[in-house]
Amino acid sequence: MEGKQLKKLMVGMALTATLATAVTPGFGSIGGNQGKAYAATVTYKVAASKLNVRSGAGTNYGIIGSVVKDQTLSVVSKSGSWYKINYSGRTGYVSSDYVQASGTTTPPAESTTYTVTASTLNVRSGAGTNYASIGSVTKGQKLAVVSKSGSWYKINYSGRTGYVSSDYVQASGTTTAPTTSPAESTAYTVTASTLNVRSGAGTSYASIGSVTKGQKLSVVSKSGSWYKINYNGRTGYVSSDYVQASATASPKLVVDSFKTLGNAQQVILVTADNYDTKSAKIQTFEKADGKWKQVLTANGVLGQKGFALSKKEGDMESPTGKYTIGTAFGRYANPGTKLPYRKITANDVWVDDSKSSLYNTWQQKPANGRWTGAENMDIPAYDYGFVINYNESRTPGKGSAIFFHVGTNYTAGCTATSKEQVVSILKWLNPEKNPVIIQSPVSELDKY
């Protein structure tokens with residue numbers, strides 16, 4: 001019944017669905033704006049004596065029934081050239097080629113379905129693998145996606161907010177992504193004396209409360225002329241006509257206060273709460289167009305005894321200070337770093353014999369009397385990493401073999417984090433941007 005020939009023969013069948021009615025605005029006292037009309041009533045008329053209702057948006061889907069001339073239906077949304085309708089208590093689809101719509105409102109685009117493709121996918125507390133896992137979802141599970149941020153979906157998860165990697169979620173439907181969240185650097189302020197908060201994006205929805213002039217709103221996303229907000233622990237909607245969106249000053253980064261960076265345009269910052277803790281916070285920053293931006297935050301570890309006030313060979317402490325970045329290394333092929341890269345072999349060692357002329361250098365076995373002590377490089381901790389250029393003068397006893405490498409417990413004096421984060425940082429580092437690494441207790445960052 002959906003052919004073009006039939007369309008020419010069919011006239012005048014009405015199917016009416018009221019999507020929005022002319023009403024006063026969704027707010028209280030707003031001065032001269034009271035009584036402003038919104039979208040008018042919309043009707044849908046079908047130009048066929050009989051029109052098939054199908055189980056999906058296409059003629060390849062099965063017929064689940066039919067509608068006839070002048071029958072009234074409820075239109076839910078539009079998907080391409082098909083209307084999604086409520087039909088006898090279930091969902092159906094009819095061709096829009098035989099439906100005449102009159103009025104000013106177009107039915108909303110059909111929602112996108114988000115389905116997990118991984119066998120198990122972590123749900124995290126923030127948009128990144130450095131955030132804690134708060135649970136998991138499994139293959140085939142449908143997700144309630146709120147918005148997308150980079151390669152992460154923000155979802156409703158067991159009554160709270162969670163984030164999942166979009167790499168393991170299949171989006172299907174007519175829209176490619178959910179409504180984008182407003183920038184976090186924007187402030188949203190109520191301008192009306194009283195503004196109704198509604199249960200949906202329209203004045204036809206019930207008021208669930210109100211906000212007042214000058215109040216700051218927690219905006220999730222924007223849909224047409226309505227802001228979706230967090231309101232007293234639930235979702236609400238307010239008219240954007242009475243909300244002022246203004247840019248706020250970007251939060252100041254710790255590197256903005258540093259005075260010793262010179263021409264460095266990339267910084268790895270390793271901090272700890274005090275000298276005695278082995279737990280560290282790792283942050284990376286990059287300068288572009290004269291402005292610093294944060295790239296990554298991750299958990300890391302230091303030497304077993306924390307930071308060193310004065311580093312000595314074998315003290316199990318990590319040196320504080322600012323250092324340049326040396327050679328990248330690994331037991332496998334170059335993962336994509338721009339740094340000079342050296343693949344570790346079974347004979348590679350780092351000399352830690354303070355009496356050797358080769359102290360604090362990368363050498364190969366056999367020793368042949370050149371040293372009495374050296375650290376084996378062919379170990380899992382050195383799957384990937386880079387040399388921190390510490391004690392370049394090779395002062396005997398001041399410490400050797402100081403690396404940034406793979407590890408999650410503690411080190412003998414290096415800095416470590418997960419393999420995933422090490423590889424990510426290696427790929428990011430660019431020698432043309434003169435990268436440096438700063439290691440310090442938080443209380444002493446003013447030195448830099």
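## An aromatic cluster

F329, W350, W362, Y382 and F403 together make up one aromatic cluster. Here, rings of Phe, Tyr and Trp (its six-membered ring) pair if their centres lie within 6.5 Å, and planes under 30 degrees apart count as stacked, over 60 as edge-to-face and the rest as tilted. This is a predicted model, where local features need pLDDT of at least 70, side-chain atom pairs count only at pLDDT 80 or more, and totals for chains, interfaces and linings use all residues. Residues are numbered from 1 along each chain as its sequence is written, and side-chain values use heavy atoms, leaving out hydrogens and water.

## Pairs of rings

By the pairing rule there are 12 aromatic pairs. In one of them, the ring centres of Y114 and Y153 are 5.1 Å apart with planes at 70 degrees, so this pair is edge-to-face. Y114 belongs to strand β9 (residues 113-116) and Y153 to strand β13 (residues 152-157), 39 residues apart. Strands (E, at least two residues) and helices (H or I, at least four) are DSSP runs, numbered from the N terminus. Y114 and Y153 are both buried, where buried means under 20% relative accessible area, exposed over 50%, and partly exposed in between (1.4 Å probe, protein chains only).

F329 and W362 also form an edge-to-face pair, with 6.1 Å from centre to centre and 85 degrees between the planes. Why does this pair tie together parts that are 33 residues apart in sequence? F329 lies in strand β28 and W362 in strand β31, so the pair joins those parts. F329 and W362 are buried.

## A charge over a ring

Look at W362 again: the charged end of R342 sits over its ring, 4.0 Å from the centre. For this, NZ of Lys or CZ of Arg must be within 6 Å of the ring centre and within 35 degrees of the ring normal.

## Nonpolar cores

How many residues does the largest nonpolar core have? The answer is 29, and I268, V270, F386, F404, I425, L429 and I437 are those with the most contacts inside it. The largest share, 5 residues, comes from α2. A nonpolar core is a set of buried Ala, Val, Leu, Ile, Met, Phe, Trp, Tyr and Cys residues joined through side-chain atoms within 4.5 Å.

Apart from this core lies another of 14 residues, including A192, L195, V197 and V243. L195 is found in strand β17 (residues 194-198), and counts as buried because its relative accessibility is 0%.
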